[in-house]
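Please look over the sequence and the model shown below before reading on. The report then goes from single residues to the parts of the chain that they join.

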Amino acid sequence: MSYVGKNIRKIRTVKKLSQAAFAELFGLARPSVGAYEEGRSEPKMETLIQIAQHFGLSVDLLLTKELTVNELYHFDIFQKEATPVPATKPAALADQQANVTPFVPADRLLEYIVQHHNTAFLDALMPLTFPHTLGPVTRAFEIVGAEMQHQQQGLRHQDVILCQRVELAAPTLRVQRIYAFVTQSKLLVRRLAERISTTHLKLRADNPDYGSEEFALDQALEIWEVKAVFTTHLRPPSRIEDRVLRLERQVEELLARLDG
């Protein structure tokens, strides 16, 4: 059951917005807002994300829980206080935290999209510690789908990728590298095939069943370069490894015969 209609009505009441005023905020028709509130239809995901982002809410909460007035006021206070400028940390503590990476599991991706700029939200994500020297601004994302898997190689479903931030203002991107693009609706993990212009890229999936696509940089909320992958899938042995295993078995059999 979705609570989005009830929550939209409650948000309007708390914010003292008419249906027309609410519709204007998000480029909607006024009857659409009425339909949402009466449960006759639901907003598209893009609209849900815009509503959640505008009012400082979680998409999950907007959909799955009837918000109270107190909770709405709490979110307002949370937004107004914003994030304080952190005090300078001791060098030893900074070094200790350099390898700690916030982890974004698949079931929290939409929430991350809405609150990716919110330091308090990021601090509340599960921290993972990796052996790396990438610096403090890193993310770990859970892969969904098999677009970047070819045969037994590549990124598999539920693998975790460790990423380093690429500056959005002037991104340095290299052909054939894999990047994770956080957009308004999804996490797009692709290999850079070609830089078409200063504003557009050609991306491709490693899985040949998926074609290449053109991507406009202004769609990206964040860009991350994939630096490592962590998987629970066993990699099949290479030909050399297979030969070594056969030799080891033959040696074991020979020793067993000599002992007998």
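A residue is called buried when its relative accessible area is under 20%, exposed when the value is over 50%, and partly exposed in between (1.4 Å probe, protein chains only). The model is a predicted one, in which local features need pLDDT of at least 70 and side-chain atom pairs count only at pLDDT 80 or more, while totals for chains, interfaces and linings use all residues. Residues are numbered from 1 along each chain as its sequence is written, and side-chain values use heavy atoms, with hydrogens and water left out.

**The chain as a whole**

The protein chain has 10 helices and 11 strands; helices (H or I, at least four residues) and strands (E, at least two) are DSSP runs, numbered from the N terminus. Of the 260 residues in the protein chain, 37% are buried. The accessible surface of the protein chain comes to about 15,800 Å², and carbon and sulfur atoms hold 54% of that surface, where areas come from the Shrake-Rupley method with a 1.4 Å probe and, for residues, only the protein chains shown count as cover. Among contacts in the protein chain with a separation of 6 or more, 61% join residues 24 or more positions apart, a contact being heavy atoms within 4.5 Å.

Is Arg12 buried or exposed? Arg12, which is found in helix 1 (residues 4–15), counts as buried because its relative accessibility is 12%. The side chain of Arg12 makes a polar contact with the side chain of Glu37 at 2.5 Å; such a contact is a pair of N or O atoms within 3.5 Å, and within protein one must be able to donate a hydrogen and the other to accept it, while residues adjacent in sequence count only if both atoms are side-chain atoms. If neighbours within four places in sequence are left aside, Arg12 is in contact with Leu17, Ser18, Gln19, Phe22, Val33 and Glu37.

Glu37 also forms a salt bridge with Arg9, with the closest N and O atoms 3.7 Å apart. This pair links distant parts of the chain, since Glu37 belongs to helix 3 and Arg9 to helix 1, 28 residues apart. Glu37 is buried, at 7% relative accessibility, whereas Arg9 is partly exposed, at 38%. The buried residues of helix 3 (residues 30–37), which are Val33, Gly34, Ala35, Tyr36 and Glu37, pack against helix 1 and helix 2. Helix 3 is followed by Gly39, whose phi is positive, near 80 degrees.

**Salt bridges**

The structure holds 12 salt bridges, each being a side-chain nitrogen of Lys or Arg within 4 Å of a carboxyl oxygen of Asp or Glu. Side chains of opposite charge can pair when their charged atoms come close.

| Pair | N to O distance |
|---|---|
| Arg9 and Glu37 | 3.7 Å |
| Arg165 and Glu167 | 3.8 Å |
| Arg190 and Glu213 | 3.2 Å |

Arg190 lies in strand 8 (residues 187–195) and Glu213 in strand 10 (residues 213–216), so their pair ties together parts that are 23 residues apart in sequence. Arg190 is buried, with a relative accessible area of 9%, and Glu213 is partly exposed, with 27%. Elsewhere, Arg174, Arg177, Glu225 and Lys227 are linked in a network of salt bridges.

**Nonpolar cores**

A nonpolar core is a set of buried Ala, Val, Leu, Ile, Met, Phe, Trp, Tyr and Cys residues joined through side-chain atoms within 4.5 Å. Which members of the largest core, with its 40 residues, touch the most other members? They are Phe22, Leu62, Tyr112, Phe141, Ile161 and Val189. Helix 4 (residues 45–55) gives this core its largest share, 5 residues. Apart from this core lies another, of 12 residues, among them Val166, Tyr179, Leu192 and Phe215.

**Loops with a positive phi**

Lys16, in the loop between helix 1 and helix 2 (19–25), has a positive phi near 60 degrees although Lys16 is a residue other than glycine, and Lys16 is exposed, with a relative accessible area of 76%. Gln158 likewise is not a glycine and has a positive phi, of about 80 degrees; Gln158 is placed in the loop between strand 5 (153–154) and strand 6 (160–166) and counts as exposed at 51% relative accessibility.
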